[in-house]
Amino acid sequence: MAESSQRRPEVAIAGGGIAGLATALTLHQIGVSCVVVESVAELRPLGVGINIQPNAVRELFDLGIGADQLDTIGIQAKEWALVGRNGQDLYSEPRGLDAGYEWPQYSVHRGQLQMLLYRNVIDRLGPDAVRTGMRVNGYTPTAGGVTAHAQTRAGERVDVDATLLVACDGLHSAVRAQMHPDQPPINWGGAIMWRGTTQAAPIRTGASFVGLGTFEQRIVFYPIGPPDPTTGLAEINWIAEVTVDPSEGWGDADWTRKVDLSDWIHHFDGWEFDWMDVQALLRGSDQVYEYPMVDRDPIPTGIDGHTVLLGDAAHAMYPTGSNGASQAIVDARVLGACLLEHGVSAAALDDFDARLREPISSVVLRNRAAGPFGLLKLIDERSDGDVHDIDAFVPAAERAEFMRRFREAAGFAKDQLNAAPPTIAPGATIRR
Ligand SMILES: Cc1cc2nc3c(=O)[nH]c(=O)nc-3n(C[C@H](O)[C@H](O)[C@H](O)COP(=O)(O)OP(=O)(O)OC[C@H]3O[C@@H](n4cnc5c(N)ncnc54)[C@H](O)[C@@H]3O)c2cc1C
């Protein structure tokens, strides 16, 4: 067994995704040393579009990652809208600055966000801060700390000793599997998502998130970049989704699985409108990825002594609420606040779990019940699907209240967020 030759970090972070890198930047900001141990040999900009809600954008701004950087990897969202299968508007609300938040909402390319965070980590913490090609496969408590057990791609075992282990190793977290050996398998409710990006003309506000269709069959699309000044075309992220009988289960949930368009595009035959040619949008992507809509059941605790789960490792959720990455960033910041209060200690992790466990578990279950798309479910249930007069089925006040409750549960209710003090006060560093 090889022992790490590097200086002992206070915190070892398993996984260099959005959660792991946001944690590294936060720890550096408050004066806590850390190392990120990442399984892939080289970080590459994988994935397609995601949204960063204002509560998480606020945290990125507080990390010194402002609009100057975020505007290079995405676009500030202006609207969230639902449109029925017949093309009828069902609901829309402004988003980000247009909704009165003090911070924008961003629609970005997930891989570009990861690379942006990675560049910031390397610039601020140095090139040794992220050790790639090392998979963490377990941990052992030690006197006053923890050892993370990792393995290189060549099969060499490497132990990383630290005071705390922060597991940001995603949906298939090895640390979570050790912490909760009896956890049930990944939960799949039958929805399949095909994802891609296409150069196309943005519609509505030019930065609108549109959910088009019904609860069980829909397409979501939104731009993740500004239009080209010459062509007027922008990179449009899309997710085509159908729900099937889940009784046979799904095998492996892999974000990078590519499939042929011809296998599934028939589900969207005839989806053409004078304002959007859905078939052309779907056919315009170079690559199409297939992913089951999966999550994991909430867990009673995300800590074990000096080890804590963060991001998807702690609370993988359906992407219906567009808040998985946002919650990962917020987790990192709340952890930083707990370390500031209690020092680099198990007590900080206890406090972290106490603050976030219950509200996040309820967001996981809310997203499983379709998150904001629950509004489509409500409309479908009360109508025959051909909704021309939405007010006759779900009055405007009820639609608005439904969305208000979702934003509040997901932690980005406007008035509360605008009035809240920063999670980490400017200049705060840990007491020694
Ligand atoms: C390749 C990829 C593509 C994605 N694409 C999309 C997308 O298009 N749309 C979307 O909504 N969400 C996508 N996601 C998920 C999304 O990034 C997360 O839901 C969210 O950002 C929370 O981030 P996270 O850091 O907790 O998890 P993740 O972003 O999943 O990051 C986990 C990180 O940990 C690493 N890792 C995994 N296991 C280990 C281990 N045992 N030891 C060390 N490192 C490990 C992974 O390589 C990864 O870098 C993708 C995730 C990945 C990994």
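In which sense do strand β15 (residues 208-213) and β16 pair, and over how many bridges? The two strands pair in the antiparallel sense, over four bridges, where pairing requires that DSSP finds at least two bridges between two strands. The model is a predicted one, in which local features need pLDDT of at least 70 and side-chain atom pairs count only at pLDDT 80 or more, while totals for chains, interfaces and linings use all residues. Residues are numbered from 1 along each chain as its sequence is written, and helices (H or I, at least four residues) and strands (E, at least two) are DSSP runs numbered from the N terminus.

Three residues lie between β15 and β16, which together form a hairpin, and within this pairing L212 stands opposite I219 of β16. Strand β16 (residues 217-223) is also joined by seven bridges to strand β17 (residues 234-243), again in an antiparallel run, with V220 opposite I239 in β17. Six of the seven residues of β16 are buried, a residue being buried if 20 or more other C-beta atoms, placed from the backbone, lie within 10 Å of its own, exposed if 12 or fewer do, and partly exposed in between.

Two packed helices are described by the angle between their axes and the distance between the axes. Helix α2 (residues 54-62) and α8 pack at about 45°, with their axes 8 Å apart, and are therefore oblique to each other, since angles under 35 degrees count as roughly parallel, over 145 as roughly antiparallel, 65 to 115 as roughly perpendicular and the rest as oblique.

Two residues other than glycine have a positive phi: R204, at about 55°, and S322, near 50°. R204 is found in the loop between β14 (187-200) and β15, and because it has 17 C-beta neighbours inside 10 Å it counts as partly exposed. S322 is found in the loop between α7 (312-315) and α8, and with 24 such neighbours inside 10 Å it counts as buried.

Around the ligand there are 31 residues, of which G15, G17, G47, G170 and G311 come nearest, a residue being near if its C-beta atom, placed from the backbone, lies within 6 Å of the molecule. The elements that give two or more residues to this shell are α1 (18-29), β10 (134-142) and α8 (324-342). The residues of the shell divide into 15 nonpolar, ten polar and six charged, with Asp, Glu, Lys and Arg counted as charged, Ala, Val, Leu, Ile, Met, Phe, Trp, Tyr, Cys and Pro as nonpolar, and the others, Gly among them, as polar.

Note on methods: Axes fitted to C-alpha atoms, helices over the stretch in contact; angles between N-to-C directions.
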